[in-house]
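Please look over the sequence and the structure shown below before reading the briefing. The points that follow are grouped by topic, so that each can be checked against the picture.

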Amino acid sequence: MAGCSTRLMLGNHAIAHGALEAGLAVAAGYPGTPSSEIIEYLMDYGAKLGAYVEWSSNEKVAYEVAYGAALAGAMAMVTMKHVGLNVAMDPLMSSAYTGVKGGLLVVTADDPSMWSSQNEQDNRWVGLHAYIPVIEPYNPQSAHDYARLGLELSHKLSHPVILRSVTRVSHVRAPVNVCEPREPTYGAFARDPSRMALIPANARRLKAELVKKWQAIADAVEELPHEQVGDGDVLIITSGVAYQYVKEALGELGVKATVLNVATPVPPPRKLILNLASASRLVIVVEEGDPVLEVQVKEILHDGEVKVKVYGREEGFFGSLGELTLDVVEDSIASILKAPKPLRPPLKRPSYEPPQRPPVFCPGCPHAASFYELKVASAKLRVKPVFSGDIGCYSLGINRPFDEQDVLTNMGSSIGLAMGIHRGTGGRQVAVAIIGDSTFFHAGLPALVNAIYNKAPMLILILDNRMTAMTGGQPSPSRAIDIEQAARGLGVKYAYTVDPFNVDEAVKVLQEALSRVVKDGEVAVVVMKRACALEAARVGRRLGLLTAFSVDLDACKACGICYNLLACPAIIPLKGGKAYIDPYSCVGCSVCAQICPYGAIRPMGDYKAWLDAWSKV
């Protein structure tokens, strides 16, 4: 095909490119693993084509940006990880009622086994709940094809479409056949308040239309390119990445079966399933996540009066927790069909146990300094706060020696939970909410308003490292909006900004803020402002300013403060307890030198020039 080529692509990049081939004009998202690379690819390539691409302040805003563009007739896409869809549920539900004029592809990247998430959820349920079809790719090529197909289907149906990816699709690379992108399709907004203004009278009418439209959507998915392979009297119905496991498992088991991989697990192709199941002696449903497809297949067969046994997760097969694996799929299929399991040579295991490597802050991370200073300030005031944490790199504050994350649940929860803990203890326990800059703008602002309005005495510690670091370094609104000024504008009387690399000043400010909370019953906000060490180190190397520190072993008294209380991974104890700083890991933050009581840690270059340059990152 003219203008086409094969490239080695990440699944997320394939999704982005497929959307560009469908004429994507507007894309918005909030970073979150495993979804972030979609917007990053679009920023690199889509903007050059004339598409508008943005990182939004949270998923709800991102959804509304894309939704508004689709109402105006543009081809639009919104991206987020699975838990982000919870934040966007309000506009998502409404978008099914109004429909769209252009196209709206909603990409949710689920994270089975919670490799980088606080919970596990299967967002195919959302499609059933919201009357929105779900399309599910199984590898990078199908991710590309389905993204293009999903946007085109959305435009054809005038209805949003969800594309559900998972980690093993988003974060694998494979050859992908791609073509030249189309010119971005923008639109022109046409007034239609009877459809777009969801006052109750309109909403009631539109809900009735939506229920009827769902049948039309169900008819439309029958024509989609569902894949059918193999031949046998056993029907295996799959969706998404499970299709890959099933094909490999059947090959290893030597079992014949008809395999139907449905492109849309919500709603599945009813007629096709009925036709194939009626000629089968049993049906097996294999899917990644909850039995979403299995429940619908059973309903389809029951309604069609097809008497055939259906096996799946509801029947106790394919595991109940975490990701599918080839072994789990093979074992379950072999058990259902009473087939011998393949004999594989045993894996040779090492004769030793590898050392445990718990996650730690990066060398020079300003968050480590902030946690150290908070611990010192609390001790000086003889206060034992309840620490309410949040989602971000600073979640690592749960580890020793900091132990400053007593509760940590969901994005932006730190301030609200801290208020609840304070109220729930009758005001007897001091609460400290710890939140990052991007998370503060994502979901912390409304909670701060609540704390001010309801006069909830608490310390809110905002760790401003100038970016959304945990998901790869996407820009944060703190680069354009001063957090202290925002807090003061909302009515916080005691708001401070301090550099965590100035240890004495930071401890002093934290003591002052905590005293305002404890003694005066006030809301206090402290912004710990210093850019992410990873980004700063890249800048420092480029400028030739990066400076490390070293230990004078004659001056070192083996007190262990630097490696036990600061816990920088660049500092290790030598035999006998004296400290050693790895010059290849150290990024010259200077905090260890400031807390050393013996002056044994010294710079190996002009650290003041380096720290000044770092402060400008």
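**Briefing: cores, rings, a pocket and the backbone**

Setting aside residues up to four places away in sequence, I236 touches V246, L250, A257, T258, V259, L260, I284, V286 and I333. The model is a predicted one, and I236, together with L42, touches the most other members of the largest nonpolar core, which has 95 residues. In soluble globular proteins, nonpolar side chains tend to be buried together.

**Nonpolar cores**

- Apart from the core of 95 residues, in which L42 and I236 touch the most other members, there lies another core of 87 residues, among them Y394, F440, A524 and M528.

**Aromatic rings**

- A pair of aromatic rings is described by the distance of the centres and the angle of the planes.
- Counted by the rule used here, there are 12 aromatic pairs, and one of them joins Y41 and Y45, whose ring centres are 4.6 Å apart and whose planes stand at 40°, so this pair is tilted.
- An α-helix has 3.6 residues a turn, so residues three or four places apart point the same way.
- Y41 is buried, with a relative accessible area of 6%, whereas Y45 has a relative accessibility of 43% and counts as partly exposed.
- The rings of F440 and F441 have their centres 5.4 Å apart and their planes at 70°, and because an angle over 60 degrees counts as edge-to-face, this pair is described as edge-to-face.
- F440 counts as buried at 0% relative accessibility, and F441 also counts as buried, at 9%.
- One aromatic cluster is formed by F361, F371 and F402.

**Charges over rings**

- K247 lies over the face of Y243, at 4.3 Å from the centre of the ring.
- The charged end of K309 sits over the ring of Y311, at 5.7 Å from its centre.

**The largest pocket**

- Rolling a probe the size of a water molecule over the atoms shows where empty space is left.
- The largest pocket has a volume of about 610 Å³, and its lining consists of 36 residues, of which Q118, I391, G392, M411 and M470 lie nearest its centre.
- Which element gives the most to the lining of the largest pocket? Helix α17 does, with four residues, while α4 (84–87), α17 (437–453) and β17 (467–468) each supply at least two residues of that lining.

**Helices and their residues**

- Helix α1, residues 11–21, has 10 of its 11 residues buried, so it is largely enclosed by the rest of the structure.
- The buried residues of α1 include G11, A14, I15, H17, L20 and E21, and the helix is followed by G23, whose phi is positive, near 90°.
- S414 is placed in helix α16, residues 413–424, and at 0% relative accessibility it counts as buried.
- Leaving aside neighbours within four places in sequence, S414 is in contact with S388, G389, D390, A433, I434 and I435.
- A216 belongs to helix α10, residues 200–221, and is partly exposed, with a relative accessible area of 42%.
- From C-alpha to C-alpha, A216 and L157 are 8.7 Å apart in space, although 59 residues apart in sequence.
- I595 lies in helix α22, residues 591–595, is buried with a relative accessible area of 9%, and, apart from neighbours within four places in sequence, is in contact with Y372, V503, I561, C562 and L566.

**Backbone details in loops**

- The peptide bond from T33 to P34 is cis, with omega near 15°, and P34 is placed in the loop between β2 (26–29) and α2.
- A cis peptide bond also runs from R400 to P401, with omega near 10°, and P401 is found in the loop between β14 (386–388) and α16.
- F318 is not a glycine, yet has a positive phi of about 65°; F318 lies in the loop between β13 (309–311) and α14 (326–337).
- R382, which is not a glycine either, has a positive phi of about 55° and is placed in the loop between α15 (366–381) and β14.
- Are F318 and R382 buried or exposed? F318 counts as buried at 2% relative accessibility, whereas R382 counts as exposed at 79%.

Technical notes:
Residues numbered from 1 in each chain as written. Predicted model: local features only at pLDDT ≥ 70, side-chain atom pairs only at ≥ 80, totals over all residues. Heavy atoms only, no water. Core = buried A, V, L, I, M, F, W, Y, C linked by side-chain atoms within 4.5 Å. Buried < 20%, exposed > 50% of the residue type's maximum accessible area, 1.4 Å probe, protein only. Contact = heavy atoms within 4.5 Å. Phe/Tyr/Trp six-rings, centres within 6.5 Å; stacked < 30°, edge-to-face > 60°. Lys NZ or Arg CZ within 6 Å of the ring centre and 35° of its normal. 1 Å grid on protein atoms, 1.4 Å probe; cavity = no way out; pocket = protein on both sides within 12 Å on 5 of 7 lines; lining within 4 Å. Points joined across faces, edges and corners; volume = space filled by probe spheres on them.
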